[in-house]
Amino acid sequence: MRMIRSLTALVLAAALFLSLPAGFCEGESPYSFVLENNQEYRTDLYPYVIHGESAWWYLSAADIEMMGLDAMCRSLDELTGDLEVDFADAREALAPYLNEVPPVVICTDFSGHAQVSQTASAYYNSLSNFIKVFHNWTSVKASLKHEYVHYLTFACAKVPITSGFWAEGVAEYVTRIAGQSRLSRSVNMGLPEEETSFYRKKGAWDDEADCLDERILYYALAQLCIRGDAVGMPYYAVCNEMIDRTEKIQQDPKPYQLSFYEAASMIAWLVEQYGEETVFACWNLDAEKTEEYFREPFSMLYAGWAEWNTRKCDELGLVF
């Protein structure tokens, strides 16, 4: 068995070597980065590493076998510029609340070995402190800045954030509303053409950039939740589970039951009402006990936000 494992490893190593692009063996890189042999982290799974300014990418052997090393590197090379801008923007937006920010570890798993790949296009693991990306490069672009904000607020924050409403709301607020994601906008959040065409007709489009306006879209989708259009439908909530929108939830939603759209817009409203410093100082507290720090129960805050979001949609001329 030991001999079989050794032979298997040699065959895989030979296959990976043959997949290297011309010039790599001479020390020349056809990419904007240097592809290195991984000798530091889970070398059994990730034969190559790329040490970027903001992220260290570990390329999975299974993904290389499935997609080809050169194809993976060229796709990664194509998104590196936007990634650095997105990550720098996120660090700047959260700078007052962060300690030093080392490069984040990102592992590829396009072959879908992790169980979470069944429900997510990427995720940040707060226990192991890495981001793992799934499916394809379009999914990566659509979700990577959101996951990077998780890394910043969990691993690099002076006061780590609390999972659920705060973590997802702040990540979406920084990614979609307070700022923009060049990566996500380049693929219109990974949505199919028929869906982006529908949103264009409804007013959630940036004509100048010729792409989906994620900020407007989030206000609009949050408004559909406010109106009750989602009642009876399953949706992905900030508790990171699929749940059904019941009448009970509609009448008295709890923080962990909100959609990502509601949470992002509600963070925007809280920042406008109380100031960013006050709001972000609460992100490690129990979101169900807001009367202790905002002097109002969550139900009252939600009602105030719902009125504000309705006015915002009216001002934007959104069509429902």
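Met66 has its place in helix α2, which covers residues 61-67, where helices are DSSP runs of H or I with at least four residues and strands are runs of E with at least two, numbered from the N terminus. The model is a predicted one, in which local features need pLDDT of at least 70 and side-chain atom pairs count only at pLDDT 80 or more, while totals for chains, interfaces and linings use all residues. Residues are numbered from 1 along each chain as its sequence is written, and side-chain values use heavy atoms, with hydrogens and water left out. When neighbours within four places in sequence are set aside, Met66 is in contact (heavy atoms within 4.5 Å) with Phe110 and Ser111. Between the C-alpha atoms of Met66 and Phe165, which lie 99 residues apart along the chain, the separation is 37 Å.

The protein chain as a whole contains 12 helices and 10 strands. Its radius of gyration, taken over C-alpha atoms, is 22 Å, which agrees with the value near 20 Å that a compact globule of 320 residues would have under the rule of 2.2 Å times the number of residues to the power 0.38. Along the principal axes, the C-alpha atoms fill a box of roughly 65 × 40 × 35 Å. Of the contacts between residues at least 6 apart in sequence, 62% join residues at least 24 apart.

Buried residues, defined by a relative accessible area under 20%, as against over 50% for exposed ones and values in between for partly exposed ones (1.4 Å probe, protein chains only), make up 49% of the 320 residues.

Asn188 has a positive phi of about 50 degrees although it is not a glycine, and it counts as buried because its relative accessible area is 16%. Met189 is found in the loop between α6 and α7 as well; its phi is also positive, at about 60 degrees, although Met189 is not a glycine, and with a relative accessible area of 18% this residue is buried.

The cysteines were examined for disulfides, a disulfide being a pair of cysteine sulfur atoms within 2.5 Å, and the count by this rule comes to zero. Cys225 is in no disulfide, since the nearest cysteine sulfur, that of Cys313, is 11 Å away. With 8% relative accessibility, Cys225 counts as buried, whereas Cys239, at 26%, counts as partly exposed. The sulfur of Cys239 is 13 Å from the closest cysteine sulfur, in Cys225, and this is too far for a bond.
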